[in-house]
Amino acid sequence: MPSPSGRPYLSEAIDYDTDIAPYQFIKIYAGVGSGKNYFVDNLVKGNVFKHSDGSFVEKKYVLLFTSRRAKANEQLNQKDSGYDKAIGLH
């Protein structure tokens, strides 16, 4: 389902095997409401995105930068993802 703007969400536009797996580091620039946090949350949780062979992408470590304190707190307080609670406490 496309976003309200009619453009695909980030998770619909990125192919894990070709756009992420070959690289040690990636940086994602995307507009407001594009699904960046949804995408990152699902990378951290694992078993959401699929490889081209149909198998699920395992949990990933993600270094998440955000300028919004409320968003950082929201990410850290999620019960079903593995964000490191020590990050951002200083």
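Okay, a definition to begin with: buried is under 20% relative accessible area, exposed is over 50%, and partly exposed is in between, using a 1.4 Å probe and protein chains only. What we have here is a predicted model, where local features need pLDDT of at least 70, side-chain atom pairs count only at pLDDT 80 or more, and totals for chains, interfaces and linings use all residues. Residues are numbered from 1 along each chain as its sequence is written, and side-chain values use heavy atoms, with hydrogens and water left out.

Let's talk about charges. Searching the whole structure turns up one salt bridge, meaning a side-chain nitrogen of Lys or Arg within 4 Å of a carboxyl oxygen of Asp or Glu. The partners are lysine 60 and glutamate 58, and their closest N and O atoms are 2.6 Å apart. Lysine 60 counts as partly exposed because its relative accessibility is 25%. Glutamate 58 has a relative accessible area of 43%, so it's partly exposed too.

Now, the inside. Which residues make up the largest nonpolar core? There are seven: Leu10, Tyr16, Ile20, Phe39, Leu43, Phe49 and Val57. H2 and H3 each supply at least two residues of this core. By core I mean buried Ala, Val, Leu, Ile, Met, Phe, Trp, Tyr and Cys residues joined through side-chain atoms within 4.5 Å; helices are DSSP runs of H or I, at least four residues, numbered from the N terminus.
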